[in-house]
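Here's a walk through one protein chain, taken a piece at a time. Have the viewer open and follow along.

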Amino acid sequence: SCLRLLGYELGKPEPRRLLAKLTHSSGLYVGDNRTLLTQQFLKTSADWLLMVDTDIEFPATLLETMVELAGDRPILAASVPLGAYASTAFMRDTKPGVWHAVDPVPREPIPVDGVATACVLIHRRVFDGITAQLGRTWWQHLYLPQDDGEHLSQGEDLAFSVRAAECGFQSWAVHVPGLGHWKTRRLSHEEPEREGVG
């Protein structure tokens, strides 16, 4: 998918290309990988960071589609089923640290409380805003105190969504046709899970 996107962008006349730089990061700690990608992005003059997990299949036109759909929306996630959750779009529960997946996710962007970042487009102003108010904590886990004295870990993507919201940035989600999430099999909003299919 990445090579198809690269070929598509390089096939455009140079003034129309949207891709400024392609960077890869892998390692045991997802938050550290996302931090490294963000740091590399902030060294460029690009306005948008498109972050796509390596297990996501996508059309060559993904970058073009996402930028067009984003418009002035600072955070836009293209939803895919996560396996344990029906989508990458979430709304908060009244109980801290509890989230509910939005399903279905429409083909027009909708505002949500948080997004999983399997495929997400984020404007530079979000990182600048979080840095100005909270430091370079973009992808650090949050640990939320619970009534029983324990702490609930909030993963890097929803922690990012919480910090972005605190700094005034709304998250959005959209169904982009052609996305697939490869787990034990391909998961897609176009191919709903059916009992007995593996």
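Predicted model: local features only at pLDDT ≥ 70, side-chain atom pairs only at ≥ 80, totals over all residues.

## Starting with a buried helix

The buried ones are Glu156, Asp157, Leu158, Ala159, Phe160, Ser161, Val162, Arg163 and Ala164. Just past the end of H5 sits Gly168, with a positive phi of about 95 degrees. For background, most residues other than glycine have a negative phi.

Arg163 is worth a click. This arginine is part of H5 and counts as buried because its relative accessibility is 7%. Skipping residues up to four places away in sequence, Arg163 touches Ile130, Leu134, Thr137, Trp138, Trp139, Gln140, His141 and Leu142. Gln133 is 30 residues away from Arg163 along the chain, and their C-alpha atoms are separated by 9.4 Å.

## The whole chain

Zoom out, and you'll find five helices and 13 strands in the protein chain. How does the radius of gyration of the chain fit a compact globule? For 198 residues, such a globule would come out near 16 Å, and the chain has 17 Å, so the two agree. Along the principal axes, the C-alpha atoms fill a box of roughly 60 × 50 × 30 Å.

Buried residues account for 42% of the 198 in the chain. Take the contacts between residues at least 6 apart in sequence: 64% of them join residues at least 24 apart. The accessible surface is about 10700 Å², with 53% of that belonging to carbon and sulfur atoms. As for charge, there are 19 positive and 25 negative ones, and their mean positions lie 7 Å apart.

In soluble globular proteins, nonpolar side chains tend to be buried together. Here the largest nonpolar core has 24 residues, and those touching the most other members are Ile75, Ile122, Val126, Phe127 and Phe160. At least two core residues come from each of these: helix H2 (30-42), strand E1 (48-52), strand E3 (75-78), strand E8 (119-123), helix H4 (124-134) and H5. H4 gives the largest share, three residues.

Which residues does Phe127 contact, leaving aside its neighbours within four places in sequence? They are Thr38, Phe41, Leu42, Leu49, Ile122, Trp138, Trp139 and Phe160. Apart from this core lies another, made of 18 residues, including Ile56, Leu63, Cys119 and Leu121.

Beyond residues up to four places away in sequence, Ile56 touches Ser1, Val80, Ala118, Leu179, Gly180 and His181. Pro96, on the other hand, is 40 residues from Ile56 in sequence and 29 Å from it in space, C-alpha to C-alpha.

Is Asp53 buried or partly exposed? At 24% relative accessibility, Asp53 counts as partly exposed. You'll find Asp53 in the loop between E1 and strand E2 (56-57). Setting aside neighbours within four places in sequence, its contacts are Arg34, Thr117 and Ala118. Asn33 is 20 residues from Asp53 in sequence, with 10 Å between their C-alpha atoms.

Glu190 sits in the segment after strand E13 (186-187). This glutamate is partly exposed as well, at 34% relative accessibility. With neighbours within four places left out, Glu190 is in contact with Arg107, His175, Val176, Pro177, Gly178 and Leu179. From Glu190 to Pro177 is 13 residues in sequence and 7.2 Å in space, C-alpha to C-alpha.

## A cis peptide bond

One last stop: the bond joining Asp103 and Pro104 is a cis peptide bond, with omega about 5 degrees. Most peptide bonds are trans. Pro104 belongs to the loop between strand E5 (99-101) and strand E6 (110-112).

Methods. Residues numbered from 1 in each chain as written. Heavy atoms only, no water. Buried < 20%, exposed > 50% of the residue type's maximum accessible area, 1.4 Å probe, protein only. Helix = DSSP H or I, 4+ residues; strand = E, 2+ residues; numbered from the N terminus. Rg over C-alpha atoms; globule rule 2.2 N^0.38 Å. Contact = heavy atoms within 4.5 Å. Areas by Shrake-Rupley, 256 points an atom, 1.4 Å probe, with all protein chains shown as cover. Lys, Arg positive; Asp, Glu negative; His and termini not counted. Charge placed at Lys NZ, Arg CZ, Asp CG, Glu CD. Core = buried A, V, L, I, M, F, W, Y, C linked by side-chain atoms within 4.5 Å.
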